[in-house]
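Hi,

Here is the structure I said I'd pass on. Have a look at it first, then read my notes below.

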Amino acid sequence: MSELIEVSDSNIADTYARYPFMIERGEGLKIYDEKGRSFYDFFSGISVCSLGHCHPEVVEAVKNQAEKLFHVSNLYYTMPQTSLAKKLVDSSFADRVFFANSGAEANEAAIKLARKYGCDNYGIHKNKIITFLNSFHGRTLGTIAATGQDKIKKGFAPIPEGFDYAVFNDIESVKKLVSENTCAIMLEPVQGEGGVRPADKKFLKDLRELCDKNHILLIFDEIQTGIGRTGKLFCYENYDVVPDIMTLAKALGNGMPIGCMLASNHVMQSFGPGSHGTTFGGNPVSCAAADKVLEIIKRDNLCEKALEKGRYLLDLMMKLKEKHKIIKDVRGLGLLMGVELDENFDVSNLVKSFYEKGFLINIIQGHIIRLAPPLTIDTETMDMFAETADIVFGEF
Ligand SMILES: Cc1ncc(COP(=O)(O)O)c(C=O)c1O
């Protein structure tokens, strides 16, 4: 253990079981530690660095903006915010954007907007939100309340009220919870942290219909699925189901912290001056990075490429599933993939086995490998990963 890691361990809150590396720099598909060891990052800093680490054009955009203006608050117009908002609106169903700093904050804004819209249009009683078991929406009090996983709420009572939890992909379980008090249904089109589970097409279409019949807003949390990861700029495009509100974060800034909440004019008009706010949201440097990210994704056809590469990686993982009985299931959409392992195997050393061979992977729910490599990944690296996985799974 390096001395620096010891300093870090004794000074930083212990909320993460960190891997024993002091990461110094990143370049493309790889990150490097202080000792010069390199690792392929197969989950992009948790689905963030989709263009690879330190993409030169994003670095340039950040540098240029940092030399001009770091911060000015939301009391003034800025060029990076204006340009990014226009790109987001032009490429989505939405008419307006609210900028935040993170995914949880974007979801907080969505929850507040849905309640305000319910109250403005139907009365104060219309404030309940249906979310789903195994969902993940963030770590603030409001978003742990929205999250359908008890372990995330443990010890933090009182948890804010107003959420009911349905079973993902089960429309009947949703119908049972709908009442005249329901103002919104909120979900990830592919549950990420809960196990990489894509929604069924029919389920999302049924949800849309249910919402329309009952004056309920449909909120898609696209914090992980958005910005090309699932083969479309936004995952809802895979389903032909348009939400009323959408949240984004993670890959939007390729590592610069930014989140946002988008909605149609009709819904967003419930947010007037003073109804919601943030000091840093829409920070010029983060917006300049995100503006460049959207430009690159479009110019380099990275959505289509994510779909093709996703098929290639899925095929490699399927072949491994045929060979290794530890693999129970392989699923995903585009380059967001879950490799579910048999819970009867002890996988506590799995991450270590991979990083010792030069690959960083992420395990969720104790037994599911979440793969989310950069959209810029190439076939040789995916082949190398599959060869490594073949060796690692062979050890079980
Ligand atoms: C679907 C989803 N929603 C919300 C969040 C919270 O985002 P943040 O960690 O930026 O607050 C995450 C983070 O993993 C997420 O995957």
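This is a predicted model: local features need pLDDT of at least 70, side-chain atom pairs count only at pLDDT 80 or more; totals for chains, interfaces and linings use all residues.

**Domains**

The chain splits into domain 1 (3-55 + 306-381) and domain 2 (56-299). Their C-alpha centres lie 25 Å apart. Where they touch, 25 residues of domain 1 meet 24 residues of domain 2. On the domain 1 side, helix H2 (44-47), helix H12 (302-323) and strands E13 (327-333), E14 (336-341) and E17 (368-371) each put in at least two residues. By class, that side of domain 1 comes out as 14 nonpolar, nine polar and two charged residues.

**Around the ligand**

There are 15 residues around the ligand, and those that come nearest are Ser102, Gly103, Ala104, Gly138 and Ile223. By class, the shell has seven polar, five nonpolar and three charged residues. Which helix gives the most to this shell? That would be H5 (residues 103-122), with three residues.

Most of H5 is covered, with 14 of its 20 residues buried. Just after H5 comes Gly123, with a positive phi of about 115°.

H3 (residues 56-68) has 13 residues, which at 1.5 Å a residue should span 18 Å; the end C-alpha atoms are 19 Å apart, so the two agree. The buried residues here are Val58, Ala61, Val62 and Gln65. Around the axis they cover an arc of only 95°, so they sit on the same side of H3. Turned away from that buried side is a face with the exposed residues Pro56, Glu60, Lys63, Asn64 and Glu67. As for partners, the buried residues of H3 pack against helix H4 (79-90) and helix H11 (284-299).

H4 passes the length check too: its 12 residues should span 16 Å at 1.5 Å a residue, and its end C-alpha atoms are 16 Å apart. Buried in H4 are Pro80, Gln81, Leu84, Ala85 and Leu88. Looking down the axis of H4, these fall within an arc of 125°, so they line one face of the helix. The face turned away from the buried side of H4 carries the exposed residues Lys86 and Asp90. The buried residues of H4 pack against H3, H11, strand E4 (96-100) and E12.

Most residues other than glycine have a negative phi, and most peptide bonds are trans.

- Ala157 and Pro158 are joined by a cis peptide bond, with omega about 0°. Pro158 is in the loop between helix H6 (141-146) and strand E6 (163-166).
- His215 is not a glycine, yet its phi is positive, near 55°. His215 is in the loop between helix H8 (201-213) and strand E10 (217-221). It has 14 C-beta neighbours inside 10 Å, so His215 counts as partly exposed.
- Asn254 also has a positive phi without being a glycine, near 50°. Asn254 lies in the loop between strands E11 (245-248) and E12 (259-263). Is Asn254 buried or exposed? With 30 C-beta neighbours inside 10 Å, Asn254 counts as buried.

**Two distances along the chain**

Pro198 sits in strand E9 (residues 197-198). Pro198 counts as buried because it has 24 C-beta neighbours inside 10 Å. The C-alpha atoms of Pro198 and Arg331 are separated by 8.0 Å, although the two residues are 133 apart along the chain. Leaving out residues up to four places away in sequence, Pro198 touches Val190, Arg331, Gly332 and Leu333.

Then there is Lys325, in the loop between H12 and E13. Lys325 has 11 C-beta neighbours inside 10 Å, so it counts as exposed. Between the C-alpha atoms of Lys325 and Ser83 there are 50 Å, and the two are 242 residues apart along the chain.

Cheers

Note on methods. Residues are numbered from 1 along each chain as its sequence is written. A residue is near a molecule or strand if its C-beta atom, placed from the backbone, lies within 6 Å of it. Helices (H or I, at least four residues) and strands (E, at least two) are DSSP runs, numbered from the N terminus. Ala, Val, Leu, Ile, Met, Phe, Trp, Tyr, Cys and Pro count as nonpolar, Asp, Glu, Lys and Arg as charged, and the others, Gly among them, as polar. Domain bounds come from an automatic or database domain assignment. Two residues are in contact if their C-beta atoms, placed from the backbone, lie within 7 Å. The expected span of a helix is 1.5 Å times one less than its number of residues. A residue is buried if 20 or more other C-beta atoms lie within 10 Å of its own, exposed if 12 or fewer, and partly exposed in between; C-beta atoms are placed from the backbone. The arc is that of the directions from the helix axis to the C-beta atoms.
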